[in-house]
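Subject: Structure for you to look at, with notes

Dear colleague,

Here is the structure I promised to send over, together with its sequence. Please open it first, and then read the notes below beside it.

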Amino acid sequence: MKKKPEPESEQMAGFLPYSDRVVIAPDKLPEVSKGGIHIPQTSSEMTKRATTGTVVAFGDGRWTPQGEYIEIQKLLPGIKLGARVLFGGWAGIEITLPQEMPDGEYIQARHFLMRADDIYGLLTEENGHEK
């Protein structure tokens, strides 16, 4: 039986997801449509959620019903802190976690907590989505 690996030490302070869970900081939704129409904050929150974001923490993997341990890197090849990902519009749950700002202060920031299966793939420079 394969031994469970230790979690990465660089992950966000204060929260370490279990199993195959991933914490994602969502990209901001646009405040103006492509046609130049201003989208009120309450309207955009009610009708759509971000489907792209940045990985800020992840668990180490999961056990199969057969007793085999699968590491998160096998479930999500290329996953790493800071990776940009594409996920389902209503995947996971919304959570609020402390986030350190450049000035050293902490704010309560919105994140999504979801299973590895809810992530569709990595966004890379090659497909034009990396910032």
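Arg21 has a relative accessibility of 29%, and therefore counts as partly exposed, where buried means under 20% relative accessible area, exposed over 50% and partly exposed in between, with a 1.4 Å probe and protein chains only. Before going further, please note that this is a predicted model, in which local features need pLDDT of at least 70 and side-chain atom pairs count only at pLDDT 80 or more, while totals for chains, interfaces and linings use all residues. Residues are numbered from 1 along each chain as its sequence is written, and side-chain values use heavy atoms, with hydrogens and water left out.

The salt bridges

A salt bridge here is a side-chain nitrogen of Lys or Arg within 4 Å of a carboxyl oxygen of Asp or Glu, and the search of the whole structure finds six of them. Arg21 makes one with Asp20, the closest N and O atoms being 4.0 Å apart. Asp20 itself counts as buried, because its relative accessibility is 0%.

Which residue of strand β3 also reaches Asp20? That residue is Arg62, in strand β3 (residues 61–63), whereas Asp20 lies in the segment before β1, 42 residues apart from Arg62, so that the pair links distant parts of the chain. In this salt bridge between Arg62 and Asp20 the closest N and O atoms are 2.5 Å apart, and Arg62 counts as partly exposed because its relative accessibility is 22%.

Arg115 and Asp20 also meet through their side chains in a salt bridge, at 2.7 Å from N to O. This pair, too, links distant parts of the chain, with Arg115 in strand β7 and Asp20 in the segment before β1, 95 residues apart. Arg115 has a relative accessibility of 37% and therefore counts as partly exposed. Taken together, Asp20, Arg21, Arg62, Arg115 and Asp117 are linked in a network of salt bridges.

Ser19 lies in the segment before β1, and its phi is near 55°, a positive value in a residue other than glycine. With a relative accessibility of 24%, Ser19 counts as partly exposed. Gly61, placed in strand β3, is buried, with a relative accessible area of 3%. If neighbours within four places in sequence are left aside, Gly61 is in contact (heavy atoms within 4.5 Å) with Ser19, Asp20, Tyr69, Ile70, Glu71 and Ile72. The C-alpha atoms of Gly61 and Ala116 are separated by 8.9 Å, although these residues are 55 apart along the chain.

The fold as a whole

The protein chain has two helices and eight strands, taken as DSSP runs numbered from the N terminus (helices H or I, at least four residues; strands E, at least two). Read from the N terminus, the order of elements is β-α-β-β-β-α-β-β-β-β. Six of the strands form an open sheet in the order β6-β7-β1-β2-β5-β8, with antiparallel pairing, where two strands pair if DSSP finds at least two bridges between them. Its edge strands are β6 (93–100) and β8 (119–123), each of which pairs on one side only.

Within the sheet, strand β1 (residues 21–26) and strand β7 (residues 106–115) run antiparallel and are joined by four bridges. Arg21 stands opposite Arg115 in β7.

Of the 131 residues in the protein chain, 32% are buried. Among contacts between residues at least 6 apart in sequence, 69% join residues at least 24 apart. The accessible surface, from the Shrake-Rupley method with a 1.4 Å probe, comes to about 8800 Å², and 54% of this belongs to carbon and sulfur atoms.

The aromatic pairs

Rings of Phe, Tyr and Trp (its six-membered ring) pair if their centres lie within 6.5 Å, and planes under 30 degrees apart count as stacked, over 60 as edge-to-face and the rest as tilted; by this rule there are two aromatic pairs. One of them is formed by Phe87 and Phe112, which are edge-to-face at 5.7 Å centre to centre, with 70° between the planes. This pair links distant parts of the chain, since Phe87 is in strand β5 (residues 84–87) and Phe112 in strand β7, 25 residues apart. Phe87 and Phe112 are both buried.
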